[in-house]
Every structure is written in structure tokens, then in C-alpha cells.
Amino acid sequence: MTHSNYPPGTGDTQAPLAWHDGDMPFSTAFGDHFYCQTDGRLECGHVFLAGNGLPERWQTTESFTIGELGFGTGLNACETWRQWKEHRRPGAHLHFVSFELFPMQAEEIDRALARWPEIDAERQALVSLWPTDPSGVVEIDLDDKTRLSVVCGDALENLTASTLTFDAWFLDGFAPSRNSAMWSAELMQRVHDTTRESGSFATYAAAGFVRRNLIAAGFDVERRPGFAGKREMLSGVRRSA
Ligand SMILES: C[S@@+](CC[C@H](N)C(=O)[O-])C[C@H]1O[C@@H](n2cnc3c(N)ncnc32)[C@H](O)[C@@H]1O
């Protein structure tokens, strides 16, 4: 299950979780929800997919790699896979690579994602393929044109060791005020340096230090309207050399 591009993961620890309203996971370690309380699936479409020009960019590609900071429940992976199946060109391949410090258990993923009938098939497939003890790099062929890799352990450590390059980034590491390590200058630089020229990122975050770190790393950064009444979010493209 390990991949030669990655070092052995260190993410074999469980994060303490609480459940709000029955199926809404809340991290007691970071003091934050995993996605917005309005509708995390629609938030994913607005922030991460549209913010990266997806699904439109899939119309012109044979192969596409998405990087995500924070796999969490796998909601973004499932919604992205759903839209990819609808929009991909015949023969095209998607690799969704997510970095996660505290991988959840299959039952937790199932409990969180069952709220969305729209991704029923994707949730069931993910849960049935998810290992009992996720560690190292979890590699799952979701279908013959879609591979999921979840790199367990600290994102900075594992992305520093990775040799992959990415077309688009989903920056989803909890609120910057609650988890500044997932938005540090060093990590944003590594995100930039592993992004293909004219590749992109998107995030719900709009904090000044996050924006400054992304600009300093080498992205052209744009402020856009956020999801569900949130004033701003950020997206950007890697500046050409
Ligand atoms: C907002 S949640 C991600 C939500 C997720 N994308 C989803 O679809 O459910 C943030 C995630 O980042 C993870 N995380 C926090 N610090 C991290 C670190 N230093 N390295 C890797 N993952 C980290 C948390 O465990 C959590 O799962």
C-alpha cells in the first residue's frame, strides 16, 4: 500500500471527534467543523471545484492531478469523483492526492457522508475500500480512470518528500486561526513549488496571512465571493516564471 513517491506516513493516531446534529463531525483537537454547516457538498462545488476552474478544465485534459490538504471525511474526494465521472473525456485519468494527519475510520466517514444522497454511490465505494487501519499511503482505485491516494501524516513533511506535481490544489486545513500550520509560508511555498505552471489553488480561507503567504510563494491571488454568505474566498494561479 505504500508508494515510492512518499515517505512512510506517521498518521496512525486517531483525532478526537465529536458529532454535532447527529452526522456533523467536529474536531475537538482543532475546535472546528470539517465543512460548513450549510451544505459541505455544495461548498465543495463552489469553493474547490469552481475556484479551480473545474469541471471546465477537464474538457481539455488527458490526465489531471488534484492535491488536497486535509482529507477529513473524504467529502471533497467523493463530490469531485462524482463530478469527474460526469465531465471527464473518454480515456482521461484523475489522480486525487490528499494529505491527512488523522485519518478517520470507515464508520466515521460513512456516518458523516450519509447525509448526502447525491454521493451515495461514491460514499459506499469509498467506505468499502477504506482500510481498517489507515497509515502510510492509502491507495485506492475508485474506478479505472480515478485513483485516490491519501498520504497519512503531517502535510508539510510528506509534501516536502513528494515528487508529484499538481494541476490544482484544494487547501482545506481547518480555519487558519485554528490551525495555522496548514497555512504556513513554508507549506504554501511547497504547494506552489509542486504546482504545474498555470496550475491553481482554491480555498475558503481569506485571512490576510494566508493571502500574503500564497502571493509570496508565487501565486497570482484573486479574492472571490465565498460560499453561503461568506464575504470572501481565495483562488489563484501559479505565476509564470
Ligand atoms: C477541514 S478538515 C478537511 C475536510 C475534508 N477535506 C473533507 O472533505 O471532509 C481539515 C483536515 O486537516 C487535517 N489536518 C490538520 N492538520 C494537519 C497537518 N498538519 N497535516 C495533515 N493534515 C492535517 C485534519 O485532521 C482534518 O481532517
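Reply: Start at T195, a residue of strand β9. The model is a predicted one. The relative accessibility of T195 is 3%. The cut-off for buried is under 20%, so T195 counts as buried.

Its polar side chain has partners. One is the side chain of W169, in polar contact with the T195 side chain at 3.1 Å. Another is the backbone oxygen of V191, which the side chain of T195 reaches at 2.6 Å. Setting aside neighbours within four places in sequence, T195 is in contact with F166, W169, S200, F219 and R238.

Follow W169 next. The largest nonpolar core has 67 residues. W169 is among those that touch the most other members, together with I66, L69, F99, W130, L148 and L171. As a general point, nonpolar side chains in soluble globular proteins tend to be buried together.

Residues up to four places away in sequence are not counted here. On that basis, L69 touches W169, F170 and L171, among others. Its list also includes F99 and A155, as well as V191. The T195 side chain makes its polar contact with the W169 side chain, and reaches the backbone oxygen of V191.

Now turn to helix α7, residues 208-217. V210, N213, L214 and A217 are buried there. They span an arc of only 95° around the axis, which puts them on the same side of α7. R212 and A216, on the other side of the helix, are exposed. The buried residues of α7 pack against β9 (195-203), the strand that holds T195. They also pack against β8 (166-171), α6 (185-193), β10 (219-224) and β11 (233-238). After α7 comes G218, with a positive phi near 125°.

Strand β7 deserves a stop too. It covers residues 146-152, and six of its seven residues are buried. On one hand, β7 pairs with β5 (residues 93-100) in the parallel sense, over seven bridges. In that pairing, S98 stands opposite V150. On the other hand, β7 pairs with β6 (residues 137-143) in the antiparallel sense, over six bridges. There D143 stands opposite T146. β6 and β7 form a hairpin, with two residues between them.

Last, the ligand. How many residues surround the ligand? There are 23, and the closest are G70, T73, E100, A155 and D172. A polar side-chain atom of E68 lies 3.1 Å from a ligand nitrogen atom. For N179, a polar side-chain atom also lies 3.1 Å from a nitrogen atom of the ligand. With G72, a backbone N or O atom lies 3.5 Å from a ligand oxygen atom.

Notes. Residues are numbered from 1 along each chain as its sequence is written. This is a predicted model: local features need pLDDT of at least 70, side-chain atom pairs count only at pLDDT 80 or more; totals for chains, interfaces and linings use all residues. Side-chain values use heavy atoms; hydrogens and water are left out. Buried means under 20% relative accessible area, exposed over 50%, partly exposed in between (1.4 Å probe, protein chains only). Helices (H or I, at least four residues) and strands (E, at least two) are DSSP runs, numbered from the N terminus. Two strands pair if DSSP finds at least two bridges between them. A nonpolar core is a set of buried Ala, Val, Leu, Ile, Met, Phe, Trp, Tyr and Cys residues joined through side-chain atoms within 4.5 Å. Contact means heavy atoms within 4.5 Å. The arc is that of the directions from the helix axis to the C-beta atoms. A residue is near a molecule or strand if one of its heavy atoms lies within 4 Å of it. A polar contact is a pair of N or O atoms within 3.5 Å; within protein, one must be able to donate a hydrogen and the other to accept it, and residues adjacent in sequence count only if both atoms are side-chain atoms.
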